[in-house]
Amino acid sequence: MLTAFVSANAQATPVRVFTGATLIDGTERAPVPNAAIIVQGGRIVAAGPASVVSMPADAERVRLDGKVVIPGLINSHGHVSGPHDLQTYAAYGVTTVFSLGDEPGPVFAARAEQATPALDRARVFLAGPVLNPTTPDDARAQVAAAIARNVDIIKIRVDDNLGTTKKMSPEVYRAVIDEAHKRGMRVATHLFYLADAKALLAAGSDFVAHSIRDADVDDDVIAALHVRGVCVSPTLMREVSTFVYETTPDFFSDTFFLAHANPEWVAMLKDPARQQATRASPAAQRYKAALVVASRNLKRLVDAGVPIAMGTDTGPTGRFQGYFELMELELMVKAGMTPRQALTAATRDAAHCMKLDRDLGTIERGKWADFVVLDADPLSNISNVRKISSVWIAGNKVAR
């Protein structure tokens, strides 16, 4: 028997037992049919075959017969502008989002309040201001100021926006990375070009927050990623968002999308003049081509064993939180990943890459009880991640 271990802090909270579903726990283990998950105090105290899990007689039972349970999805690169965004993410099964920049005070407050068994919306971790220093001294000062706000990671942009803006210089971003590391903080880097990726990795970048999109990745950049186990967040849907509104996309008629989509954004993106401007935009067409390169590079990185963390860059206008994460998984599979690889990149590996794996990423004893109940198996068809029956965070059912 797998005996449920209950911590002293959880003893006063009711026990909830989920039974009957097939469990995909996010580890390398095979799916477990007729599984049982025991939750108390917001955390998992046992998970495995119902035949070997010792279930408390007085527990509240939640029957999930015929369903499939997966770990809550983790978005390693999103943007949260307010606590309401965390409800939207959760409604689509994204139970944790790492917000990479420019969060207002209420989002910091939301993070401070989330280590509770009562949580019923997505968790958030954050980067604070996206640093944009112009000198090494300014770089060190901005890093110190960001860390004083208790951020979870430092974020910088090294990009010229297809030649339209000035790019951060190497001496400045090296100062950012050096100062962050001296203070025990990791650095996430926005980038576009292969050459910049190599230079940033040589400087000590800890997390690549976008795909390389101008050229095919080569052995040198793969070796540089491997040296320190640096993870890559592909953000394929970021590229899609730059050109998909040249017409009205099919998903605008999906009731699942419309259930939580920002209606003002939808109306704006349907505007014929805006769509014509997108069709005429050289940048949109460049990013459309960049998606092809990014997809090819994702397959190369996966085959080379580079750790991948699902991310989308959702949050800005037209990048719909929650729904785009599900589309991202489909694009990752279209690029050549297996459904299991894509799902792992959005759960266990995303948690590992973002240093959250002590508490999140898999359905195992001791971790927060964040999981998604599906009506069909995502390992047979990744699009089944859209068939959400319910979402649970800290063992609490999310309002959808």
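Visitor: Why is Arg238 called buried?

Guide: Buried means under 20% relative accessible area, with exposed over 50% and partly exposed in between, using a 1.4 Å probe and protein chains only. Arg238 has a relative accessible area of 9%, so Arg238 counts as buried. This is a predicted model, in which local features need pLDDT of at least 70, side-chain atom pairs count only at pLDDT 80 or more, and totals for chains, interfaces and linings use all residues. Residues are numbered from 1 along each chain as its sequence is written, and side-chain values use heavy atoms, with hydrogens and water left out.

Visitor: Where does Arg238 lie, and what is Arg238 in contact with?

Guide: Arg238 sits in helix H7. Helices are DSSP runs of H or I with at least four residues, strands are E runs of at least two, and both are numbered from the N terminus. Contact means heavy atoms within 4.5 Å. Leaving aside neighbours within four places in sequence, Arg238 is in contact with His210, Arg213, Tyr287, Thr312, Asp313 and Arg319.

Visitor: What makes H7 largely enclosed by the rest of the structure?

Guide: In H7, 8 of the 8 residues are buried, so the helix is largely enclosed. Among them are Leu236, Glu239 and Phe243. The cover over the buried residues of H7 includes helix H10 (272–280), H11 and H12.

Visitor: How do you know that H7 is roughly antiparallel to H11?

Guide: Start with the angle. Helix H7 (residues 236–243) and helix H11 (residues 282–303) pack at about 160°, with axes 8 Å apart. Axes are lines fitted to C-alpha atoms, for helices over the stretch in contact, and angles run from 0 to 180 degrees between N-to-C directions. Angles under 35 degrees count as roughly parallel, over 145 as roughly antiparallel, 65 to 115 as roughly perpendicular and the rest as oblique. That makes H7 roughly antiparallel to H11.

Visitor: What is the handedness of the crossing of H7 and H11, and which residues make the contact?

Guide: The crossing is left-handed. That term applies if the near helix is turned anticlockwise from the far one by less than a right angle; clockwise gives right-handed. From H7 come Leu236, Arg238, Glu239, Val240, Thr242 and Phe243. H11 supplies Ala284, Tyr287, Lys288, Ala290, Leu291, Ala294, Ser295 and Leu298. By class, the contact has 9 nonpolar, 2 polar and 3 charged residues. Ala, Val, Leu, Ile, Met, Phe, Trp, Tyr, Cys and Pro count as nonpolar, Asp, Glu, Lys and Arg as charged, and the others, Gly among them, as polar.

Visitor: Why is Ala284 called buried?

Guide: Its relative accessible area is 3%, so Ala284 is buried. Ala284 is found in helix H11. Leaving aside neighbours within four places in sequence, Ala284 is in contact with Thr242, Phe243 and Thr278.

Visitor: How do you know that H5 and H6 are roughly parallel?

Guide: H5 and helix H6 (residues 219–227) pack at about 30°, with axes 10 Å apart. H5 and H6 are therefore roughly parallel to each other. Their crossing is left-handed. H5 brings Leu194, Ala197, Lys198 and Leu201, and H6 brings Asp220, Val221, Ala224 and Leu225. This contact has 6 nonpolar, no polar and 2 charged residues.

Visitor: What is the handedness of the crossing of H4 and H5?

Guide: H4 passes H5 in a right-handed crossing. The axes of helix H4 (residues 170–182) and helix H5 (residues 194–203) come within 9 Å and cross at roughly 35°. Tyr173, Arg174 and Ile177 of H4 meet Ala199, Leu200 and Ala203 of H5.

Visitor: What makes a set of residues a nonpolar core?

Guide: The members are buried Ala, Val, Leu, Ile, Met, Phe, Trp, Tyr and Cys residues joined through side-chain atoms within 4.5 Å. The largest such core here has 113 residues. Ile154, Ile156, Phe251, Phe320, Leu329 and Met332 touch the most other members. Helix H12 (residues 323–334) gives the most to this core, with 7 residues. A second, separate core has 16 residues, including Val39 and Trp392.

Visitor: Why does Leu162 count as buried?

Guide: Leu162 has 17% relative accessibility, so Leu162 counts as buried. Leu162 lies in the loop between E10 and H4. Phi of Leu162 is near 60°, a positive value in a residue other than glycine. Most residues other than glycine have a negative phi.
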